[in-house]
Amino acid sequence: MSASQDCIFCKIIAGEIPCYKLYEDDATFAFMDINPANDGHALVIPKDHAKDVHAVSDDSISRTVITAKKIATAVEKSISPTGINLVQCNGPAAGQSVFHFHMHVLPRREGDELKLNWGLKPGDMDAIGKLADKIKSNL
Ligand code: AMP
Ligand code: ZN
């Protein structure tokens with residue numbers, strides 16, 4: 001399992017930076033996004049560091065998609081959004097800001113007007129923590 005020393009997501013996996021963890025297995029890790037585009041916004045990452053879709057191994061991306069499905073199901077049960085996007089960005093023009101491959105599990109509401117490249121706005125940490133507990137209870 002390779003890690004990159006200056007990668008924020010590798011540090012989250014290693015427990016060096018705190019997060020609202022949702023799930024972990026031998027190959028993947030899931031946690032809450034701290035700049036949620038909507039309530040319940042979560043991220044799923046492979047443990048093996050790879051910067052984007054071009055670099056990630058077939059095994060890592062497969063396992064990440066399987067975990068994203070698990071998290072999406074728990075989000076659905078937890079907050080009953082009217083839709084969920086699984087989003088994945090590669091390169092700055094595509095909105096990638098963290099260069100460790102990740103999938104967004106992004107709950108949607110009718111009329112939320114979310115667009116690709118939705119921007120980063122800090123969330124309420126207490127609210128994020130409560131949503132993390134709710135989603136975990138549905139895993
Ligand atoms: P992207 O813009 O697709 O690269 O997505 C990176 C995501 O990581 C953004 O939605 C950020 O809000 C999120 N993010 C960055 N740092 C952290 C962190 N320390 N904990 C949780 N989410 C983070
Ligand atoms: Zn990394």
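Me: Is H104 buried or exposed in this model?
Reply: The model is a predicted one, in which local features need pLDDT of at least 70, side-chain atom pairs count only at pLDDT 80 or more, and totals for chains, interfaces and linings use all residues. Residues are numbered from 1 along each chain as its sequence is written, chains are lettered from A and ligands numbered from 1 in the order in which they are written, and side-chain values use heavy atoms, without hydrogens and water. Because its relative accessibility is 8%, and the limits are under 20% for buried and over 50% for exposed, with partly exposed in between (1.4 Å probe, protein chains only), H104 counts as buried.

Me: What distance separates the C-alpha atoms of P107 and H41?
Reply: P107 also has its place in strand β5, and with a relative accessible area of 3% it is buried. Along the chain P107 and H41 are 66 residues apart, yet the separation of their C-alpha atoms is 6.2 Å.

Me: Which arrangement do the four donor atoms form around the zinc ion (ligand 2)?
Reply: The protein donors (N, O and S atoms within 2.8 Å of the metal, or 3.2 Å for Na, K and Ca) are C7 (SG), C10 (SG), H49 (ND1) and H100 (ND1), and they lie 2.0 to 2.3 Å from the zinc ion. The angles that these four atoms subtend run from 102 to 117°. Four donors qualify if all angles lie between 85 and 135 degrees, so the arrangement around the zinc ion is tetrahedral.

Me: How many residues apart in sequence are the parts that C10 and H100 tie together?
Reply: The donor residues of the zinc ion (ligand 2) follow the spacing C-x2-C-x38-H-x50-H. C10 lies in helix α1, whereas H100 lies in the loop between β4 (83–87) and β5 (103–108). Both C10 and H100 are buried. Because of these two positions, the pair ties together parts whose separation in sequence is 90 residues.

Notes: Four donors count as tetrahedral if all angles lie between 85 and 135 degrees; four count as square planar and six as octahedral if opposite donors are over 155 degrees apart and all others between 65 and 115; anything else is irregular. Helices (H or I, at least four residues) and strands (E, at least two) are DSSP runs, numbered from the N terminus.
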